[in-house]
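Me: I'd like to learn how to read pockets and aromatic contacts in a protein model. Could you walk me through them?

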Amino acid sequence: MDKRWTRLGDLLVNYSLEVKPGEKVMIAFVELETYPLVHAIYQACVIAGAYPQVQFLSEELYRLNMVHGAPEQIGWEPEIEAYGMEWADVYFGLRGAHNLDVFWDVPAEKLSLHRKAMGKISTKRWQKTRWCLLRVPNAALAHQAEVDEGTILEMFFNACFLDWPKVSQEWRRWAEKLDQGQRIRLTGKGTDLSFSTKGRTWMVADGHINMPDGEIMTSPVESTLDGQIYFDFPGVLGGRLVHDINLRWKSGKLVEATSSTNQDFLRAVLDTDPGASLIGEFAIGTNPEIKHFCKDILLDEKIDGTIHIAMGRAYPAVGGTNQSAIHWDIIKDMRQEGEIYMDGELIYQNGKVLL
């Protein structure tokens with residue numbers, strides 16, 4: 001087995017989540033290709049004195065439920081997965097890439113129902129456990145990124161093995177300056193969006209909740225959302241690519257939501273519940289080693305030179321209050337055209353932080 005998996009397993013157990021003796025650890029691996037990392041994490045957990053358990057999941061299995069199941073089955077909250085979040089102190093979600101077209105013939109309303117059920121599970125995850133999520137590279141991910149498998153694997157490991165204490169120090173300096181502001185304005189292609197961050201804080205993601213990691217995030221005051229944002233990159237959720245998303249708010253209310261593809265799915269997701277039409281998270285990507293857009297949020301949201309918002313559920317850790325079964329991150333490329341202003345001062349231009 002590639003020794004880099006063992007190194008990554010040690011990093012995840014001893015740095016990311018600092019697993020302690022006696023702790024209960026759930027390792028959920030999605031798709032068979034993630035097994036080398038399951039092996040590495042399991043070994044590191046045992047050495048740390050913890051009690052690991054393994055759960056297998058697959059998008060192909062989810063497809064069977066949506067194709068053949070009744071609405072009550074599709075919207076059912078999986079009881080064993082829910083119990084796992086109650087049982088575990090620590091949760092690793094190892095998400096193997098899959099064919100994005102696996103749900104090609106699933107109607108939007110069924111897919112939205114499934115995402116709502118999965119959203120309940122993810123809510124329990126962040127409420128009940130210390131957690132870390134990864135997108136484990138494989139041939140499917142390489143295909144999505146339009147590169148070879150060796151290139152995507154090398155990018156993944158390089159992005160995971162940053163000098164985390166060093167980069168974190170710089171990112172925290174930026175976050176401290178952002179904490180001093182009260183209003184953010186984004187401008188760029190098809191974009192002029194503003195919101196207040198008064199009473200909210202900025203948090204640095206430096207390898208503890210995702211790996212690879214690299215973002216600085218906050219939560220807008222929902223009632224202050226005003227203006228519009230256009231996304232150059234497609235939104236990706238449940239295997240659906242939603243191109244040319246354009247969202248517009250007025251006085252904290254979503255008044256326009258359009259896209260050039262899968263607009264019925266876009267609107268179904270945003271209608272999931274009252275909180276799904278609001279921004280729960282705003283973040284700046286900061287990982288310099290993630291260089292290819294992979295059509296996968298766990299990697300793409302970390303690209304240095306991008307920003308992203310998450311529709312729906314906010315993180316209470318930064319003062320966010322918006323509640324929803326949905327947390328859908330959508331990425332905007334700022335490297336060619338884009339600015340961020342804080343209280344009227346330019347702090348970010350064409351993908352570069354100016355703090």
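Reply: Happy to; we will take the pockets, then the aromatic rings. Please keep in mind that this is a predicted model.

Me: Let's begin with the largest pocket. How much space lies in the largest pocket, and which residues line it?

Reply: About 230 Å³ of space lies there. The lining is made up of W126, W131, M203, V204, A205, D206, H208, I209, D213, Y315, P316 and A317.

Me: Which strand gives the largest share of that lining?

Reply: That is strand β7, residues 203–205, which supplies 3 residues.

Me: And how do the residues of this lining divide by class?

Reply: For the largest pocket, you will find 9 nonpolar, 1 polar and 2 charged residues.

Me: Now the second largest pocket, please. What lines it, and how much space does it hold?

Reply: The second largest pocket holds about 150 Å³. Its lining consists of T123, W126, Q127, R313, A314, P316, G320, T321, N322, Q323 and S324. Sorted by class, these are 3 nonpolar, 7 polar and 1 charged.

Me: On to the rings. What describes a pair of aromatic rings?

Reply: Two values do it: the distance of the centres and the angle of the planes. In this structure there are 10 aromatic pairs. One of them joins F157 and F161, with 5.8 Å from centre to centre and 15° between the planes, a stacked arrangement. Both of these phenylalanines are buried.

Me: Why is the pair of W164 and W171 edge-to-face?

Reply: Their planes stand at 70°, and planes over 60 degrees apart count as edge-to-face, so the pair gets that label. The ring centres are 6.3 Å apart.

Me: Are these two tryptophans buried or exposed?

Reply: W164 counts as buried because its relative accessibility is 3%, and W171 is buried too, with a relative accessible area of 4%.

Me: What about charges over rings: where does the charged end of R125 sit?

Reply: It sits over the ring of W131, 4.4 Å from the ring's centre. For another example, look at R185, which lies over the face of Y341 at 5.9 Å from the ring centre.

Methods
Residues numbered from 1 in each chain as written. Predicted model: local features only at pLDDT ≥ 70, side-chain atom pairs only at ≥ 80, totals over all residues. Heavy atoms only, no water. 1 Å grid on protein atoms, 1.4 Å probe; cavity = no way out; pocket = protein on both sides within 12 Å on 5 of 7 lines; lining within 4 Å. Points joined across faces, edges and corners; volume = space filled by probe spheres on them. Helix = DSSP H or I, 4+ residues; strand = E, 2+ residues; numbered from the N terminus. Nonpolar A, V, L, I, M, F, W, Y, C, P; charged D, E, K, R; others polar. Phe/Tyr/Trp six-rings, centres within 6.5 Å; stacked < 30°, edge-to-face > 60°. Buried < 20%, exposed > 50% of the residue type's maximum accessible area, 1.4 Å probe, protein only. Lys NZ or Arg CZ within 6 Å of the ring centre and 35° of its normal.
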